[in-house]
Each structure stands twice: as structure tokens, then as C-alpha cells.
Amino acid sequence: MAPAGAAAAAEPSKPLNELFSSLPTTIFEVMSKLAMEHASVNLGQGFPDAEGPEAMKQIASASMYDFHNQYPSLLGVPELRQAVAAHSEREQGIPVDWATETLITVGATEGLASAFLGLINPGDEVIMFDPMYDSYTSMAKRSGAVIVPVRLRLPDFSVPLEELAAAVTPKTKMIMINTPHNPSGKVFTRPELEAIAALCVRHDLIALSDEVYEHLVFGGAAHVSLRSLPGMKERCVRLGSAGKTFSFTAWKVGWMTGPARLLNPIIKAHQFLVFTVPSSLQRAVAHGLDKEADFYHSLGPSLEAKRRYLETELSALGFGCLPAHGAYFLVADVSKFQRPGEGDADFAKRLTAEGGVTTIPISGFYVGPHPPSHLVRFCYCKEDAKLQAAVERLKAYVGPGGKGAPQ
């Protein structure tokens, strides 16, 4: 207890970091909290219900006893770096020197942070496609980047190639892409990627390619890595994720491949951010990439069936389902069910509180002004019983006679 008469301790008054202290609570946190409060069926959170291969869990556990538990190499254990290189050539035809062109990261998110910190100088312009995963802008801005958003065109989130070309200026250093795309599920087409590659070569730009959903593709689409295209091997850094490839999102193991010249400063940033990644998990992921191809090749067909079910049910209720061929997200037009003056965030909150189903409003993924206000994202990588429960609640709420039915 403070002595009688002692003044209360004052909080520090000097300003905190301007970027991070000013960030609002994310819409993901808002919706997750609402979902818990209302015991809703949560189709907002972007992680699967099913887990990956049992052998990988056994190897992760055994590795804690079979190997030492001290710091591994900051680059990653050799087994995983070799597996990443082999996976790159086997799946995308991109040869990789495992010794100089690979880095293991604490998930792809840390890889992105290290890439921005290692490659960007204050004032450099980075072109990103709107909408986008929210981590991109925060870490890019922290590195000093100026974000130049280029809005994908609805309803299929196609790339506006003329607008993209016009966005390049003498200050542009990087184009960042995410394919398959979060939040839309779009898979960038080969012509779109070729146009992006041509801009990178013509203007001497770096490309940062987030490909964590590379195996979550279906509907006749094919994932093409930007780094596989002519002229891009020496100017593109590619990211992958064990969380998405093996449905082990808690493990936070990611990887990067790219030319040594670009990776070297990224490695320095990685060294001072986290230094390294748990070695037992790395060894399990190495096994997965080498031996569990049947698992990650099965993800696309499995997700396609889930999407088909949800899309059919949503369409029957009057939701407008936007096309997509990858990841595990379905973007739906909810304008039929919105009340006067209601935006997507207010609709999503109402649907959670009254209808018992949680989604994510798409406006939360946009950086540019005037985002669409009539779209929400459903995440369908859930067990069938959960999807069916969500559909039954939606039928009861927005179906004929329901409280949320069109007025």
C-alpha cells in the first residue's frame, strides 16, 4: 500500500508508436467476440475444423525427444529447407537452391513482416490488390511503405490491368499479390499474372507473392506461381504455409523462397524479429511436404464439395454468391436482406445476434475509400454438421416468415 498522502503514480505521457497505438480493434476480433456472446455458428474465422496428417503430429512429438531442443539455424533445419525446395520444383516447376534460396518463418505472417522490413525503404510505393488480408498494410506501413491499392473488379475480383499499369510510378518498388486470394477465394489467371510479371520486368519491380492457399484450388482452376513466369525468378519472393497446406494453423510454420540477393536482408529482419522456429515442428512439416502429398492434393476436392453445398443453400435463400475457385471463402451479396441504411458490418452483427450465424463483412478488408457495403465472407472449411447447422439457422432467420426475411 502506498504511504498516506503519496501521490498516485502517473502513467507515461510520451506518445506511443503512432501506427500500432492508433489501429482500431479488427473486425475479426469484434465478430469473434460477438459469436461467443451469442453462441452463434461461427463461419467467420478462417481456420479449418479438421486437422492434418496424424503422422505429422507424431513426428512433432517424437522430435522433442529424438533431437536436441536448443536453437536451430535461423534459416531453418536443413530437412525442411530441402523439402521446401523439392516441393517448389515438384509442384510449380521452380528450381530452388535450398542452401541459399529458402527461409523458414514463424508462419507466413512473420515472413511478410520480415520481407517488408528487409526490402522496403521509407517512401517506397507498394502496390497491393484491394481487398486484402489486414496484416499486409500494417507491416508495410511500419517499414515506411506508401500503400497504393488497386481495387479488384466485382463480381469476379478480376484485375483491372489498365488501372494497375497506371498505378506504377518512379517510386514504385514492389507489387504484392495473394493467390488464391483472401478474402475472395479468387485464383489469379495466367493472363493476369503474365501482365503483372511484364510490369515488374518493365519497371524493375520486386514481387512479393503470398501463395499460402496454393493447394486449395478447385473448379477447373490451376494455381500458377508468379515466380514461375519468365523474368520473375530473380525478382520474386514466394511465401507458403504449413497452417494452410496441412491444416495445422496453430503451428505457425511458414517458408519463403526467392533469390539470395532479396532473401539476405529478409533473413536479417527475421533474425531480429524471431530468430528461429521450433525445430520439432519444422521436422514434422518436412515430413509433410515430402510424404503427405495425398493430403494436400485432397484439399481442393474436399473444399469444392463444401463450397458447392453452402453456395447452393445460400443461393436458394436469396444470397448472391460471387464466383471463386480457391481458398475456403465464399463472398455473398446480402443486399436483399439489408435494412435501410445498414452496411455490411451492421448486417453481419445483426445476423450474429439475431440469426445465430457469424460472417465477416468484406469492407473490413479494403484499404481504399468507399468499399462495397453489401458483401460478407463465409468461411466453409468447417465440419459438415456445422455448415448444416448454419444453413438451418439462416433458413429460420432470413427464410420466409423469418425475422430477417426481406421486408
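Over which ring does the charged end of Lys186 sit? The ring is that of Phe188, and the charged end lies 5.1 Å from its centre. A second case of this kind involves Lys382, which lies over the face of Phe47 at 4.2 Å from the ring centre. The model described here is predicted.

**Aromatic pairs**

Searching the whole structure gives 12 aromatic pairs. One of them joins Phe28 and Phe365: the ring centres are 5.2 Å apart and the planes stand at 80°, so the pair is edge-to-face. Phe28 is partly exposed, at 23% relative accessibility, whereas Phe365 is buried, at 1%.

Phe319 and Phe378 form a further pair, with centres 6.0 Å apart; because their planes meet at 90°, which is over 60 degrees, the pair counts as edge-to-face. Here too distant parts of the chain are linked, the two residues being 59 residues apart. Phe319 is in the loop between helix H12 (293–317) and strand E9 (320–321), and Phe378 is in strand E13. Both residues, Phe319 and Phe378, are buried.

Ring pairs also connect Tyr213, Tyr328 and Phe329 into a cluster.

**Helix packing**

On the H2 side the contact involves Val30, Met31, Leu34, Ala35 and His38, and on the H13 side Ala348, Lys349, Thr352 and Ala353.

How do H12 and helix H14 (residues 384–398) lie to each other, and at roughly what angle do their axes cross? The axes come within 10 Å and cross at roughly 5°. H12 and H14 are therefore roughly parallel to each other. From H12, the residues that meet H14 are Lys306, Tyr309, Leu310, Glu313, Leu314 and Leu317. Their counterparts in H14 are Asp384, Leu387, Gln388, Val391, Leu394, Lys395 and Val398.

**Backbone features**

| Residue or bond | Feature | Angle |
|---|---|---|
| Thr179 to Pro180 | cis peptide bond | omega near -15° |
| Asn182 to Pro183 | cis peptide bond | omega near 25° |
| Ala327 | positive phi, not glycine | phi near 60° |
| His370 | positive phi, not glycine | phi near 55° |

Ala327 lies in the loop between E9 and strand E10 (329–333). Is Ala327 buried or exposed? Ala327 has a relative accessible area of 0%, so Ala327 is buried. His370 is exposed, because its relative accessible area of 72% is over 50%. Phe365, by contrast, is buried at 1% relative accessibility.

Technical notes: Residues are numbered from 1 along each chain as its sequence is written. This is a predicted model: local features need pLDDT of at least 70, side-chain atom pairs count only at pLDDT 80 or more; totals for chains, interfaces and linings use all residues. Side-chain values use heavy atoms; hydrogens and water are left out. Rings of Phe, Tyr and Trp (its six-membered ring) pair if their centres lie within 6.5 Å; planes under 30 degrees apart count as stacked, over 60 as edge-to-face and the rest as tilted. Buried means under 20% relative accessible area, exposed over 50%, partly exposed in between (1.4 Å probe, protein chains only). Helices (H or I, at least four residues) and strands (E, at least two) are DSSP runs, numbered from the N terminus. A charge sits over a ring if NZ of Lys or CZ of Arg is within 6 Å of the ring centre and within 35 degrees of the ring normal. Contact means heavy atoms within 4.5 Å. Axes are lines fitted to C-alpha atoms, for helices over the stretch in contact, and angles run from 0 to 180 degrees between N-to-C directions. Angles under 35 degrees count as roughly parallel, over 145 as roughly antiparallel, 65 to 115 as roughly perpendicular and the rest as oblique.
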